[in-house]
Amino acid sequence: MINGRAMRVCLPILLMVVLSTAALASVDLVTLPTRESTQLTIYNSEDITMVREHRLLTVKPGINRIQFSWANTLIDPTSIDFRILDHVDKVDLLDTTFPSGRNDALQWNIKSRLAGKVPVEIRYFTSGITWKADYVGMANGDETEMGLKGYVRVYNNSGELYDNAQVRLVVGKINLVEKIADLARRPAPGKGGWGYAARPAEEREVMRSEFKNALVLDCAIMPTTSAPAKRAPKVVKQGLSEYFLFTIAGRQDIKHQEPKRLVALSVDGVPLKAIYKLTDRTGGQQFTKYFRFKNKKLLDKRGKEQALPDMENLGLSPLPDGMVRLFSEYANQDLAYVGGTSTKYVPIGDRVEVSVGDDTDITMIRRVKDQGISNVIARQYKRRLDNKWVLYYDLIDYDETFVYEEEIVSGKPMDVEAEIERRFDANVILWGSEGKPKDWNSDEAGAYVDLHDVESRIEKVDQNHVKYFLDMKPGRKWTVTYRVTYKRRKVGPELNPEKRREHL
Amino acid sequence: MKRIVITGLVGVLVGMLSMPAQARIKLTTLPERETVRVDIKNGRFTLVEEERTVNLQQGRNQVDFSWANIGIDKDSIVFRVIKADGDVNVLNTNYPNNENALYWTVSAAKAGPAVIRISYLIGNMSASASYQGIVENDEKSLLLQTYMTVQNTSGEDFGRCTVQPGVGKTTVRYFKNGERKRMLASKFTAVPIQKRFVFDAAVDQKRTRMYYRLLNDKENNMGQFPLPRGKVRLFIKEPKSDDDSVRSQAFLGEDWGAYTPLFAKVDLYVGVAQDVKVERFTMQPKGGPRKVIDELTCPRILMNGERTVTHPRFRHQRTRFRYRLQNFKTANGEPIPVPLTIQEHVDGEWIIENVEMKEILGERNDVTEKVIPHEKMFLAKRIDVNNVEFEIALPPTTIKKKYDLYVTVLRKNRRHNVEPIVYKD
């Protein structure tokens, strides 16, 4: 059995220069071209990696047939592409032929008008290699600054060894209409089995030995693995369409089931702000703490951008989505684990808001201080029924008022910024910081929310949600009182005892 | 053994025509196929045309045609004489019982070689299209290559043949049974790209999608044929770096390209534009809840000719959307504007009643809103009765500077079953 770990990503390429046009009759020469370089471009939004190999093919004038096989791998056969990089006016790719019943081998037919070496690129997609970002943040005691380290971790579960490869990571969400792993496992159309697994035992034996031989040769001509790195490799970041490309400098060995973690970012003195939010969207009982920082270039004390190396600054590339673990450092350098959460992609210039979980230091008690029903009116309506007017049920209009008191206490030793968002079960007419609305005295149905006494800006988020902001000092209790009147209209007939329906 | 065999039995056949099928004499010398053309343009059937040279004797000749393990439509076989010295006519076609064979009785005015062409339909061959786009680094244009993959499971090994996969150029190949061949069918260079940032809450409520739009016409360096449906894989050229002598390409994304007639456009969803953020909220109409519905009245003419006024069962409905727009897109480290398209889906009779663009400055308690002129940065495009697009030239934004776009849609004359209720005095 083939040991997957021993397999190379550079699959054996058998070059058969066929001097006559009879396809089956002549296999004159088998050579193994030198692999010049390998490049892996790994995506994090989908299970896809683009592998790019450069090789030098020796061609002769006439039709050259090159066989490429990839048994027992997760390569998408539809993605395999062959590019001639030089002498393009003298060397043409005629077609790509997939043999009968196989999805793990193909043959390129090349027409050449020269004899010699031609550089080519073989490109394909494979599955099983992914990468993720993760961050470790170390906040100072008063939570105003943070040291941030960003890592990228490459996972290889493809069963293959990629050594001495250039590794590039793509930040962004690409669109894939079919999974690469599915395409790799899809049987060949038509009759017969496909791939290595479906072959008879004796045929598999032959394939294995051929593959092994090719592998030995391949290894022999490979340059030795690069010397161990003396310091952490640099990550070069570059924008590309809607994505960002992180290129890890130098060459890496990406081994099967041995995740590799590299530092992508190490920034000190990131300005940090803690913010506390309470919203009815998540129950409206408890505050959640968020750390906010900006993905912007760091400023010095005079407000000018600092000249820092790329790896030690923010705002030069987006921050990929990933897990964030946050710690606080006390004066005696003891650490406290604050919390961990996943964060979304953060564009350059945007703000990161990382939830660090519920915070019990700030409490909210909400009381219904008063409630009442007023302006109850029963109106009788008529409607046409079978060409006659009939009395409709009496329908009731009434106004229901609630007075709320929210008591917010901060047990924090520092100033705190809090946001409270409330939901009302009707279209909101808001009397807030912008003054009394024109339709405040309207008779239409709705939730008439009076928050104008609150010392804050009031924001109407949508037609049901209202938000207010508090800047809280330590050791002070805040009491917010507001009133909402639900104007209920045409309610009934359950509120109508008579429930009459008669001809006029 | 899968084969198509053609034999020429020459000579006077007076008695032979009445012979039973088993007794037919087969010749061992077979005329070689000289040319074979395989045409897969029709999706269901594949047309095969082959030319052979048969030596005919003066008088009546029998030309045999038989096959095995290949699905030939017997009734589709056409025999034509392309070149002969003197008149050659097909007198009749004979179908031996229970055999995959037929023979033609051919009369020749003179003895000598004749080039004949036999055309027939077979099944089990298919062709599918796929595309590869190589996008320039500035995303202004691309090289679009059409590949046709032809699958031969017909049972027949075609030797040297001409394959017409449906689009693009014709290619000569050896094509064995069971093989698939992927061939470059066409190449369109410098095809202009329209890059679009599209937000459609019906498709994705949280993310803006990036599309490439291509036009299949001559002005845009295409327009040679309708593009068949197929998967489009897009790669982008990277800026040339020092340690990479050949310019690298990165995979951008893929999408199904729909069948695209000439002069039509094809939209390819490439990936998510995470730097362009849109949030959509449903707001109350200006003027409060009473403005959600406009009740209508219409004249009513009574039997006696008297004119009164009544409420028909139609009314206008008003919806107001707020879009919070943020653009963090950069190029070479500098913020840049983007063309954003917001798609909304409506129906029936409607108008865009009101548009308002606000600039939001500041955060939390220090927020100021300012209505700004929107005429130069906003355009509402009626696509059809069900679709409207808002095109916005969105300037760069920051954490402390955002835009809110308010659009009021008035959907007119909606039927409803609620009879207007009137108060009894």
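**Note on the two-chain model**

1. B:A190 sits in strand β13 (residues 180–192) of chain B; helices (H or I, at least four residues) and strands (E, at least two) are DSSP runs, numbered from the N terminus. Phi of B:A190 is near 50°, a positive value in a residue other than glycine. Most residues other than glycine have a negative phi. B:A190 is exposed because it has 12 other C-beta atoms within 10 Å. A residue is buried if 20 or more other C-beta atoms lie within 10 Å of its own, exposed if 12 or fewer, and partly exposed in between, with C-beta atoms placed from the backbone.

2. This is a predicted model, in which local features need pLDDT of at least 70 and side-chain atom pairs count only at pLDDT 80 or more, while totals for chains, interfaces and linings use all residues. Residues are numbered from 1 along each chain as its sequence is written, and chains are lettered from A and ligands numbered from 1 in the order in which they are written.

3. On confidence, the model scores ipTM 0.75 and pTM 0.78. Chain B averages a pLDDT (the predictor's confidence in each residue, from 0 to 100) of 85, and 88% of the residues score at least 70. Over residues 9–30 of chain B the pLDDT is below 50, and this stretch has 25 contacts in the model beyond near neighbours in sequence. Two residues are in contact if their C-beta atoms, placed from the backbone, lie within 7 Å.

4. A second residue with a positive phi is A:H87, where phi is near 55° and the residue is other than glycine. A:H87 lies in the loop between β6 (81–84) and β7 of chain A. A:H87 counts as partly exposed because it has 16 C-beta neighbours inside 10 Å.

5. Chain B has 0 helices and 32 strands. Buried residues make up 30% of the 425 residues in chain B. Of its contacts between residues at least 6 apart in sequence, 66% join residues at least 24 apart.

6. Chain B is divided into domain 1 (3–122), domain 2 (125–272) and domain 3 (276–415); the bounds come from an automatic or database domain assignment.

7. β2(B) pairs with strand β3 (residues 46–56) of chain B in the antiparallel sense over 6 bridges; two strands pair if DSSP finds at least two bridges between them. A hairpin joins β2(B) to β3(B) through 6 residues, and B:V36 stands opposite B:E50 in β3(B). β3(B) also pairs with strand β8 (residues 112–122) of chain B, antiparallel over 11 bridges, with B:L56 opposite B:G112 in β8(B).

8. Strand β27 (residues 349–361) of chain B runs antiparallel to strand β31 (residues 401–415) of chain B, and 12 bridges join them. In this pair B:E356 stands opposite B:Y406 in β31(B). β27(B) pairs in the antiparallel sense with strand β28 (residues 368–372) of chain B over 5 bridges, where B:I360 stands opposite B:E369 in β28(B). The hairpin of β27(B) and β28(B) has 6 residues between the strands, and B:G362 takes a positive phi near 95° there.

9. The contact between the chains takes 56 residues from chain A and 53 residues from chain B. On the chain A side, β7 (91–98), β13 (173–174), β14 (235–240), β15 (243–254) and β22 (362–385) of chain A give two or more residues; the largest share, 6 residues, comes from β22(A). By class, this side has 22 nonpolar, 17 polar and 17 charged residues. 2 bridges join β13(A) to strand β18 (residues 265–272) of chain B, and the strands run antiparallel; A:K173 stands opposite B:V272 in β18(B).

10. A nonpolar core is a set of buried Ala, Val, Leu, Ile, Met, Phe, Trp, Tyr and Cys residues joined through C-beta atoms within 7 Å. Of the 133 residues in the largest nonpolar core, A:I42, A:F246, B:L252 and B:L340 touch the most other members. A second, separate core of 22 residues includes A:V416, A:A418, A:A447 and A:Y482.

How values were computed: Ala, Val, Leu, Ile, Met, Phe, Trp, Tyr, Cys and Pro count as nonpolar, Asp, Glu, Lys and Arg as charged, and the others, Gly among them, as polar.
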